[in-house]
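User: I'd like a close look at one part of this protein, with a bit of context around it. Here is what I'm looking at.

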Amino acid sequence: MKKEIKNTALKGFVRKNKFANKFALGAMAMGIATAGMVVVIPDATPVEAATVTTFKDVPKSHWAYQSISEVAKKGLVTGYSDGTYKPSAQVTRAEFATFLARVFDSKDRTTAKFSDVQSHWAIDSIQEGLALGFINPNDFANNKFEPNKPMTRGEMSRWLSNALAHANPEYGKAIEEMANSSLTIIPIPEFYGGGVNKKDLPYIGVALGTGLLSGYEDFKFKPNGNTTRAEVATILIRFMDTMKKAPSDFTELKELLEVANTGTNILTITNFKARTGGYKEVLGKPHTYLNKTGVATIEHAIFVDTTGSKPKGIFKDMFFNEKGEDKILLNRGIYAIYYDYTFKPSRDVSVQSVSNGSDMHFASNLLVDKSKIALFNLSSPKGTSKNEFMKGETYRYWAFNKIGGQPGRDFGSRADDGSMFYYEVPK
């Protein structure tokens, strides 16, 4: 049978003496018979990675063939002694700690106090992860690491983001900005719909904003889902490329950070420039409608670039339905704006009644696409003509607007206290 080595004596070989390590572990991984069993150390042999870059269960037609070959060549993820890679197998905490540790190949170590890894084959990588900060001991309960537990996508986001912060402190700052802001929005259905640990959201934001991880076809992130060895090969390649860049190199991450800091992404995704104040000046401040229908505040103003043939921006999938009626905005030099309003009506009114005679940026009679409302769990009225806003109640909802982005175009508005925002596209 095959069995993983679990011998503390191996710790003396791991990274301490690379040449001895390559010989000893490489021999074991190639299947030397010992005491009647074949001893195998999955993903623990740099020598195999240096010579074996193709695997019998990863044909050239496999979607991750190139990435798997590349990580094998770099010695980040190795195969098994039977010539397989097992691309569909789930990645465990011990394995992912090993993969990331190999990327950094650091000599730094912090003693692991976990009670269940002291004799584990991945102990050295775990201690490197603790030293570099991509493994945070506070994330684990009962002093147990559970090394053989499959990594969740939420955990992977956390480890990858913390690893980026080790490589570049600016990523650490980005994490803090999103974590500490009440304005942060992460464009995944779980953000409003639940099913995600709120503490993971800034890390998921970094993972999405840099392209390290992405959502599925239904746009869900599935933070509690697992990752395969094929997927992790692609993620590691992206990670090494991302480490060479700063947060400012990623437009979508800049959008998330602008929203976290100001409630809008207008300066990142559009050609508009702030001339007097900005949305941040009026967020949460009351604006009384001239038609006496009520008082509203703007909580967020999210822009999607619809000026070309394809929508752009990290929030496009959250709001814009390219296959629905929204497509008429494309190729017309128009930006789509999605306003997050709080509204307290002075009488029973409809969306249409609110918008008639009111400031276009504090009230809109256009609703977000119904499929997006359902998928992303957005709060929204069901229609525009029926009185859905009842006197004395307070409502929080999303609505849709649009603005031309031609040179010289400007727009703005103000709250009751005189605070204002004003933007213009330079001529």
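User: Which helix does glutamate 155 lie in, and what is glutamate 155 in contact with?

Analyst: A word on the ground rules: this is a predicted model, where local features need pLDDT of at least 70, side-chain atom pairs count only at pLDDT 80 or more, and totals for chains, interfaces and linings use all residues. Residues are numbered from 1 along each chain as its sequence is written, and side-chain values use heavy atoms, with hydrogens and water left out.

Glutamate 155 lies in helix 6, which covers residues 153-167; helices here are DSSP runs of H or I with at least four residues, strands are E runs of at least two, and both are numbered from the N terminus. The protein chain has 15 helices and 10 strands.

Is glutamate 155 buried or exposed? Glutamate 155 counts as buried because its relative accessibility is 18%, and buried means under 20% relative accessible area, exposed over 50%, partly exposed in between (1.4 Å probe, protein chains only). Across the 427 residues of the protein chain, 52% count as buried.

Now for the partners. Setting aside neighbours within four places in sequence, glutamate 155 is in contact (heavy atoms within 4.5 Å) with Arg93 and Pro150. With arginine 93, the side chains are joined by a polar contact of 2.5 Å. That term means a pair of N or O atoms within 3.5 Å; within protein, one must be able to donate a hydrogen and the other to accept it, and residues adjacent in sequence count only if both atoms are side-chain atoms.
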